[in-house]
Structures are given as C-alpha cells and as structure tokens.
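Look over the sequence and structure before reading on.

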Amino acid sequence: MDNSAHELNVDRPNSARLYDVFLGGSHNTAADRELAERIRSSAPRWSLGAQLNRSFLRCAVQYMASMGIDQFLDLGSGIPTVGNVHEIAQQYTPDARVVYVDYETIAYNTSRVELADNPNVTIIKADLRNPESVLNHPETVELLDFSRPVGLLIVGVLLFIGPADEPGDLVATYRSQLTSGSYLALSQASDDDLPPDLQREIDQVVASYEHADEQLVLRSYDEVAGWFSGTELVDPGIVHYPDWSPEQQALDEYQRSCRYGYVGVGRIP
C-alpha cells in the first residue's frame, strides 16, 4: 500500500497519537489532545483500557521471553513509550531481536531515532495490511529468522482494521509464517454483553473516532477466537483486558470494570 497516504497531518487526530495521549506520552498534536480529552469526558474508562492494553503487551512479552522467545515482530507498534517490547525482551536475552512495524510518521521517526544505537532492533515503515511488504522487508529478513520461534504481536491495532481488509485473513497470513513454538498475542475492542454504562461509553468512543483518521471497529468473542485458529491458547485463554495479566492483582474494582475488549496469547504447536 502507498505509505504516502499516511504522512503527518497535525490537523486530524490519529489513532497512534491518541493512544500516546492516553498513555501519558508527549508525541502528539493539539488535535489529538483535544479529541482525547473529549473521549475522556464521555468515556473515562477508554483511556484506562489503553493502559490495560499496554499492560497486556508487557505481560505477553514477558511470558514469551520467559518461554525462550528471543525474536519479536510487533505489528502496529505505535509511538515508543515506557516498557517497549525490546526493553522487556532484552532483560531476558540481551541480544533479543525486535522488528517494529508502523506507518504513522511520528511513530516511525521517533522510533527510528530511539533505536539508532541498537543493532538488534529496528522499525520499518510499512502497512500491516500488506504482509509481503512487512515480511519481505530487507530489515525484517535481516533481523528475524522465521525458521525459529517468533513472538508475533498484533496488539491494539486490529480494532482499526475494517472488514474490507479481512483481518482474519491477515492474521492467518502472518500466523502461517510462524514455526512450532512461536506465539501470537492479540487484542481487540468489543461491546459483547456490556452493562448499560459501558455500552454508552463504547458508543461514544466509536462516534469520537469518526473524527480521527482511522475508525474503530468492534468485534465479537467468536471472531477474535477465530484469529487463534491452529494455536494452543495460553491460560487464561481469551479474556477481557483486566483478566489476563498477572498485574491484575493490583487492579481495583473500577479498573476491573473496564471490560470492552478481549486479549489472548496462543502458541503454535
């Protein structure tokens, strides 16, 4: 796909930069901050969900690294923030390799600068909806050996992939590249069986993202479960954001109520 369509536009909020705002980052624009504040006002648990999503990413990488995974492909990696994949992985294996993938200009440029001195980590500017551009990119080929287990991370990005782009087929294409012993981590927003207060919040969020450059797509448990086809789910399976992470022990009742999303990790047998 043509990456020129994703060049920096400071006047229109961007999903990656909104995520950065919710995580307390500084790589965002006035338009991003204005929309983020409106979302916080109408749906206060959405920003909490962003933080829980990031917590899931951290814990998933920790789990994979503890199981011996030393190379990761992070699709839709976003803007660097505390607890990046390579920082966690390299605590377990100092020479762990990570390829980040994003097409948003600030995410790419910021990552490029921050990773310049780390020879085992890179970011490529590519659209995950074009798997060939990701998998055959020279830097991906140089850093990752798909004949060995890989940790594939598709966290916080599929909710911005519309039905026309066939997310299930995209996940299957990437999953097909993984050898036995690899892992797949996913997250996805959903409005399955929500109480009225949370349903109102997620409806407000979906409406708010109509003003951003990428719209929000909600999906059911069954659709998310299909993305893990051919894998062995890691306990506790496909669950809501607060229920997967060991960090859940520190969550209060309000944080545990943030249940408009599913997360899971599967192992390739």
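The lining of the largest cavity is made up of 17 nonpolar, eight polar and seven charged residues. The model is a predicted one. Three cavities of 30 Å³ or more are counted in it.

**Largest cavity**

- The volume of the largest cavity is about 490 Å³.
- Its lining has 32 residues, and those closest to the centre are Ser15, Gly76, Gly156, Val157 and Phe160.
- Two or more lining residues come from each of α1 (15-22), α3 (44-66) and β2 (97-102).
- The most is given by α3, with six residues.

**Second largest cavity**

- The second largest cavity has a volume of about 100 Å³.
- Of the 14 residues that line this cavity, Gly78, Pro80, Asn84, Tyr100 and Ser111 lie nearest its centre.
- At least two lining residues are supplied by each of α3, α4 (85-92) and α5 (105-114).
- By class, this lining has six nonpolar, five polar and three charged residues.

**Asp213**

- Asp213 sits in the loop that runs between α9 (196-208) and α10 (221-227).
- Asp213 counts as partly exposed because its relative accessibility is 36%, a value between the limits of 20% and 50%.
- Apart from neighbours within four places in sequence, Asp213 contacts Arg12, Pro13, Asn14 and Ser15.
- With Asn14, Asp213 makes a polar contact between side chains, at 2.7 Å.
- Asn9 is 204 residues away from Asp213 along the chain, yet their C-alpha atoms are 9.3 Å apart.

Note on methods:
Residues numbered from 1 in each chain as written. Predicted model: local features only at pLDDT ≥ 70, side-chain atom pairs only at ≥ 80, totals over all residues. Heavy atoms only, no water. Helix = DSSP H or I, 4+ residues; strand = E, 2+ residues; numbered from the N terminus. Buried < 20%, exposed > 50% of the residue type's maximum accessible area, 1.4 Å probe, protein only. Contact = heavy atoms within 4.5 Å. Polar contact = N/O pair within 3.5 Å; in protein donor to acceptor, adjacent residues only side chain to side chain. 1 Å grid on protein atoms, 1.4 Å probe; cavity = no way out; pocket = protein on both sides within 12 Å on 5 of 7 lines; lining within 4 Å. Points joined across faces, edges and corners; volume = space filled by probe spheres on them. Nonpolar A, V, L, I, M, F, W, Y, C, P; charged D, E, K, R; others polar.
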